Every structure is written in structure tokens, then in C-alpha cells.
Amino acid sequence: MRITLEYWRQNGPSDTGHFETRDVEVDDHASFLEMLDVLNEELLADGTEPVAFDSDCREGICGQCGLVINGDPHGPLRTTTCQLHMRSFKDGDKITIEPWRSTAFPVLKDLIVDRSAFDRIIQAGGYISVNTGAAPDAHSQLVPKQNADLAFEAAACIGCGACVAACPNGSGMLFTAAKVVHLGLLPQGQPERKTRALNMIRQHDDEGFGGCTNLGECEAACPKEIPIEFISMLNRDILAGAPK
Ligand code: SF4
Ligand code: FES
């Protein structure tokens, strides 16, 4: 298939950036990232700098890849960019590729953004503050099945940032909620549950993410189907931990 690519070029956070356009011929069974590999091989053959983009596992588990494709974070399917294939497009299509657009995710180069704000939110939550020795046997602390299932659902968040890119407020609440709910539902997460939620939401706000106004764009874009109800659970923990 032959497609026309319109892709973003930007030399760093302070550069204004611009689009470049190029036609590419690619197998329709190729993944979206393999298509970008083809583009870069052609650019290199022309003596032009390749387009910088992020990827690692290319299996939908690491959260490294993330592009806005024709206006949608991760493209037309509810999956990660690396799991999207060119057969989702038609011969002759024009495809626009942009980085995540968010104040809290500055563009480092072309299609790569700095998502270390997410790391700092996790660091603000901490985990345990004392040495508790070796890990106990998994079955020594019983967890109700419903809590175990919900915690597992929350743990599916891969930190890709599509929720932020999709949100008109640039909110990182769905990501933060997934991390808070994951630990808050398990016995090991109880002692520091309230302070953890408060510290993580403070860091979220300090990083420049916007607030949640229940628009639901985050849930619709999330490749791991993290439900927006988790934000309500986060809000309950914040209220419980707030000074009375
Ligand atoms: S909540 Fe979903 S969209 Fe947001 S970072 Fe986690 S996996 Fe990605
Ligand atoms: S490259 Fe790991 S999720 Fe896409």
C-alpha cells in the first residue's frame, strides 16, 4: 500500500516544531512502528535525519510507544501504537502523526515526549517506609476475590500517557487513580493508603496536569481499558486523607 505521511518534527521543548510530508510504500501486514522504520530507512538513504520516536517491547506491555495518529492517541483502535497494523488503513490514505500534546509532557525530539512526570507521581506515593524483611508467602495474607480482581485490573496500566493526550484538560487522573487503586485495595497498601493518595495527587497537580471534569476521553483512549470509576475511588481516598 502507498500512504502519505505527515509527521511532526521538533528539535526540543523550546522549538516551535513543524510538519513534514512524505509518501511511503509499505506492506499492509506491517505494524505501525515497522512502517516508521521503513520511513526512517528511506530518510537515512536520502541523507536526512530519521524521525525520533519511542518504543521498546513492541508487544503492548511497556508503555513506551505513544503517538497521536490522525488526532487519536494510539490511532483508530483501542490498542497501543506498537500493536496497530497498517491494515487498519487504506491504500492512498493520508496519516498525520504527532507526539502527545500536554504541558506536563514536553517534547524532547520529534515524536518523543518526556513522561518522567509519571515517574515522579509514583515516587511521591512511595510504597513502604520500613524494612519488612523478605517477601512473605503469597497465600499468607488472604485478599477477597473482588479486591484481587480490581487490583489486577488497575495494575494493567502501562503508564503510556494516552489518557493525558486524550483529555482536553491534560489530566493525569486516570493514570494516578490506577496506581492508587492498585495498592489501596491490597492489605499491604493499607497503612499508608491515605497519605499515599494525597502525596500522589499533590505531585500530579505540581507537574502541571489538569483536573478531571468527567469527560471520559481518558477511558475511551486507554489501551488497557482502565475504567473511569477508579478516579472516583481515588477521590474517596483523597477525601478520607484530607485534613479535617
Ligand atoms: S490509564 Fe491507560 S492510557 Fe493512562 S497511562 Fe495507564 S494504560 Fe495508558
Ligand atoms: S513498545 Fe511497548 S507498549 Fe508499545
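In this predicted model, helix H3 (residues 145-155) and helix H5 (residues 173-184) have axes that come within 8 Å and cross at roughly 145°, the axes being lines fitted to C-alpha atoms over the stretch in contact and the angle running from 0 to 180 degrees between N-to-C directions. Helices here are DSSP runs (H or I, at least four residues), and strands are runs of E of at least two, numbered from the N terminus.

**Helix contact**
- Ala-151, Ala-154 and Ala-155 of H3 meet Ala-178, Val-181 and His-182 of H5, where contact means heavy atoms within 4.5 Å.
- By class, this contact of H3 with H5 has 5 nonpolar residues, 1 polar residue and no charged ones; Ala, Val, Leu, Ile, Met, Phe, Trp, Tyr, Cys and Pro count as nonpolar, Asp, Glu, Lys and Arg as charged, and the others, Gly among them, as polar.

**Ligand 1**
- The residues surrounding ligand 1 include Cys-157, Cys-160, Cys-163 and Cys-222, as well as Phe-118 and Pro-223, each with a heavy atom within 4 Å of the ligand.
- The shell around ligand 1 divides into 10 nonpolar, 2 polar and no charged residues.

**Whole chain**
- The protein chain comes to 8 helices and 7 strands, and its C-alpha atoms fill a box of roughly 60 × 40 × 35 Å along the principal axes.
- Of its 244 residues, 45% count as buried, that is, under 20% relative accessible area with a 1.4 Å probe, protein chains only.

**Conventions**
- Residues are numbered from 1 along each chain as its sequence is written, while chains are lettered from A and ligands numbered from 1 in the order in which they are written.
- Local features need pLDDT of at least 70, side-chain atom pairs count only at pLDDT 80 or more, and totals for chains, interfaces and linings use all residues, while side-chain values use heavy atoms, with hydrogens and water left out.

Methods:
Buried means under 20% relative accessible area, exposed over 50%, partly exposed in between (1.4 Å probe, protein chains only).
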